[in-house]
Amino acid sequence: MAADNATYALELRDLRKSFGKTEIIRGANLAVASGERVAIIGPNGAGKSTLFNLISGRFAPTSGDVILNGQRINGMAPYEINRRGLSRSFQITNIFPKLSVFENLRCSVLWSMGYKYTFLRFLSNLDDANERAKELMEMIKLDKKRDTLAMNLTYAEQRALEIGITIAGGANVILLDEPTAGMSKSETTRFIHLIKEVTVGRTLLTVEHDMGVVFGLADKIAVVVYGEVIAFDTPAKVRANQRVQEAYLGSAVADAQGAGH
Ligand SMILES: Nc1ncnc2c1ncn2[C@@H]1O[C@H](COP(=O)(O)OP(=O)(O)OP(=O)(O)O)[C@@H](O)[C@H]1O
Ligand SMILES: [Mg+2]
């Protein structure tokens, strides 16, 4: 196998995944540099969520490698991958509905500190966890909702809390699957701003259908079509890529240009 290459935060090497006889991921390759913000786009059913499931350890690849911060992680359990610095948002089901905003964040912080191993360590970490939870609450702009139960937040606030939970452990690679789905235009705009803020200095991969969002957020775009990454480049280059236009983008690009990013 090739030597580990720590210059990339995340690498996919000839990744494949079949469900039964159907190959869904068909030799995907990608190399994301540390600190890059990558939007993953592609038609419905192209395999974007499946890629995330392979990266986060929910599914094991049929073949190929997933390399996180220079280490092969395929075959590892999701929690092991999480401990190695990758965090993935899981829609809003990740939130404890009957815990407050603060408690939700503190739980994630404590979990990431590995509090469950010793009670003494738990006690010594509690102050740190409270401090970190407070910091996160401010970052996601929910400090005024500190004691509100998660189930009583608006939808957009729940998604913000979910982002807070996702980054609570200090992961350096963050995966977000359609983070703005179901939001209004103005909520989306605010939310993208928030995502940009909280992911400064981290590597972000986000699946996104809204081309305005994609061109506004991403340093690079990965185009997934039929289980392969057919292009991975800057927004300007992807926009100009003939193959991408034929396979997928077409009018979506024109829409985004019309929207002025
Ligand atoms: N666990 C599974 N078992 C069988 N087939 C699956 C499984 N998960 C996904 N698939 C199939 O894999 C293909 C890709 O699905 P996936 O959810 O990754 O697409 P996607 O690019 O995220 O699409 P969308 O934009 O609609 O979210 C689909 O045909 C889907 O039916
Ligand atoms: Mg999907």
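The model is predicted, so local features need pLDDT of at least 70 and side-chain atom pairs count only at pLDDT 80 or more, while totals for chains, interfaces and linings use all residues. Side-chain values use heavy atoms, with hydrogens and water left out, residues are numbered from 1 along each chain as its sequence is written, and chains are lettered from A and ligands numbered from 1 in the order in which they are written.

**The chain as a whole**

- The secondary structure of the chain comes to 10 helices and 10 strands, where helices (H or I, at least four residues) and strands (E, at least two) are DSSP runs numbered from the N terminus.
- Of the 261 residues of the chain, 48% count as buried, a term that means under 20% relative accessible area, with exposed meaning over 50% and partly exposed lying in between (1.4 Å probe, protein chains only).
- Among contacts in the chain with a separation of 6 or more, 66% join residues 24 or more positions apart, a contact being heavy atoms within 4.5 Å.
- The chain has an accessible surface of about 12400 Å², and 51% of this surface belongs to carbon and sulfur atoms; the areas come from the Shrake-Rupley method with a 1.4 Å probe, and for residues only the protein chains shown count as cover.

**Ligand 1 and its shell**

- There are 13 residues around ligand 1, of which G45, G47, K48, S49 and T50 come nearest; a residue is near a molecule or strand if one of its heavy atoms lies within 4 Å of it.
- The shell residues divide into 5 nonpolar, 6 polar and 2 charged, with Ala, Val, Leu, Ile, Met, Phe, Trp, Tyr, Cys and Pro taken as nonpolar, Asp, Glu, Lys and Arg as charged, and the others, Gly among them, as polar.
- Helix α1 (residues 48-55) gives the most to this shell, with 3 residues.
- Polar contacts (pairs of N or O atoms within 3.5 Å; within protein, one must be able to donate a hydrogen and the other to accept it, and residues adjacent in sequence count only if both atoms are side-chain atoms) include one from a backbone N or O atom of G47, which lies 2.9 Å from an oxygen atom of ligand 1.
- A polar side-chain atom of T50 lies 2.5 Å from an oxygen atom of ligand 1, and a polar side-chain atom of H209 lies 3.1 Å from an oxygen atom of the ligand.
- On its own, ligand 1 has 640 Å² of accessible area, of which the protein covers 60%.

**Helix α1 and T50**

- Helix α1 is mostly covered, with 7 of its 8 residues buried, namely K48, T50, L51, F52, N53, L54 and I55.
- T50 has its place in helix α1, and T50 counts as buried because its relative accessibility is 12%.
- Leaving aside residues up to four places away in sequence, T50 touches K17, F19, I24, I25 and F59.
- G57, which follows α1, has a positive phi near 90 degrees.

**The antiparallel sheet**

- Four strands form an open sheet in the order β2-β1-β4-β5 with antiparallel pairing, two strands being paired if DSSP finds at least two bridges between them.
- The edge strands are β2 (22-33) and β5 (71-72), each of which pairs on one side only.
- Strand β1 (residues 8-19) pairs with β2 over 9 bridges and with β4 (residues 63-68) over 5 bridges.
- R16 has R26 as its bridge partner in β2 and S63 as its bridge partner in β4.
- The hairpin of β1 and β2 has 2 residues between the strands, and G20 takes a positive phi near 60 degrees there.

**The enclosed strand β3**

- Strand β3 (residues 37-41) is largely enclosed by the rest of the structure, because 5 of its 5 residues are buried.
- Both faces of β3 are covered, with R37, A39 and I41 buried on one side and V38 and I40 buried on the other.
- β3 pairs in the parallel sense with strand β8 (residues 203-207) over 4 bridges, and I40 stands opposite V207 in β8.
- β3 also pairs in the parallel sense with strand β9 (residues 220-225) over 4 bridges, where A39 stands opposite I221.
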